[in-house]
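Here are a few quick notes to read alongside the model. Have it open while you go through them.

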Protein chains: 2
Amino acid sequence: MSDTPVAVVPSTEEALARLDMPLVDAMMTQRAIRRVHPDPVDDAIVLKLLELAQRAPTGQNGQQWEFVVVQDRAAKARLGRSYRRIWNLYWRTVYRHVAAKDPAKARMAKAVQWQVDHFEEIPVLVVACIRLGVREGRVPLVRMPHIAESGYWGSIYPAVQNLLLGARAMGLGASLVTMPLWNLTAARRMLELPVDVTPVCVVPLGWPKGRYGPSARIPVGDVTHRDAYGNRYWLDPGG
Amino acid sequence: MSDTPVAVVPSTEEALARLDMPLVDAMMTQRAIRRVHPDPVDDAIVLKLLELAQRAPTGQNGQQWEFVVVQDRAAKARLGRSYRRIWNLYWRTVYRHVAAKDPAKARMAKAVQWQVDHFEEIPVLVVACIRLGVREGRVPLVRMPHIAESGYWGSIYPAVQNLLLGARAMGLGASLVTMPLWNLTAARRMLELPVDVTPVCVVPLGWPKGRYGPSARIPVGDVTHRDAYGNRYWLDPGG
């Protein structure tokens, strides 16, 4: 990933026009871009991404997303401190051992370290939240039945994926992080969230220093089963 | 939604070429299509959708999806019985009261009822699963810390959204349902899933009787907050 010294910032009009990218190209070249320039991202671009996010399905069409767009430097710094604390702990206790054995994980850790170190310089942090309280059957700290839990998360992550794909099409760097939210009470306080609004993840956005490009994945036949698990009917015989 | 008597089935080549649809068009016209024809869907189409699903991000690039593609009629019928049982209960106790007050919910209920009644005739049911066991820190029945829980579901639902968007681009009817999985133990048995593989949702696929088209959403300014919750900075002043 080259460290381009100057951000290549398209006009807002041009960025929005890029949403015409063929779906398959956007998907095949989506990847986390963590190193971004501090240059601002136009509000019109952020709002368009959120409009696309809103097109994703929600359980029973509940449309219970809420998005907090954090641009204030002090607010970003507060989230950044929370991120730094948990990442440093995780790195020392677990991840440096993982990274020592796996060059791909080591590269990822380096990019995360960059993100942690520069969190308040990233122009926009979108905090995706879901609004669902006791009235809708969600009781804090009590484990819901499996399909209720699935429907809950399944009503926000499809929206987050739309946001990420839209960012990719526009050439805007984006990634999906949860660590800044590890202390849920502190995160709620920082973002002034009421008790029935839960922050789910953070998507940092900025014009990229890195590049989008094809991602590597394990073959589809390895993870696809016919009628019952274990029947890997589409396994590549040459694989 | 017109009940077209004959399925309009494109050639596999044509369906795959449709993945070039502009990203923004696919997103803006994605919607649940539950009424589908029984005509088969080519394996090459299903596998391409799963390849696209695999391009979505996963926590620490863990790539722990597993997909069970259910085409066998008896296997579909078993899932259908499970779906029918919970839907009938839900309809009688809750949803008919909701539907009585809201025409949009009543229309949705009618489409779900169709799906429930015809579940074994739907050509393909993709069961999206996530493989994550005790070794990776997931202990059955124990509630994980918030960000671990978020990372768990956030490693499968972005893939499901890619699958749904891909289906939309190809003109293939799709929807996201969780109800057939309400009895997790029974679902595991039906699909022969090991204990560390958890079924998350079912995506029924078939050539549509209905049509894709623009979806209605609440205005983005209503659900977007600047820097802290409650600061609806982008609220449409005319709204």
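How many bridges join strand β1 to strand β2 in chain B, and do they run parallel or antiparallel?

1. Six bridges hold β1 (residues 65-70) and β2 (residues 124-131) of chain B together, and the two run antiparallel. One bridge pair is Trp65(B) with Ile130(B) in β2(B). Strands pair here if DSSP finds at least two bridges between them; strands (E, at least two residues) and helices (H or I, at least four) are DSSP runs, numbered from the N terminus.

2. A word on the ground rules: this is a predicted model, where local features need pLDDT of at least 70, side-chain atom pairs count only at pLDDT 80 or more, and totals for chains, interfaces and linings use all residues. Residues are numbered from 1 along each chain as its sequence is written, with chains lettered from A and ligands numbered from 1 in the order in which they are written.

3. Those two strands sit in an open, mixed sheet of five, ordered β5(A)-β1(B)-β2(B)-β4(B)-β3(B). At the edges, pairing on one side only, are β5 (224-226) of chain A and β3 (173-174) of chain B.

4. In chain A, helices α3 (residues 43-53) and α7 (residues 157-170) pack at about 135°, axes 7 Å apart (axes are lines fitted to C-alpha atoms, for helices over the stretch in contact; angles run from 0 to 180 degrees between N-to-C directions).
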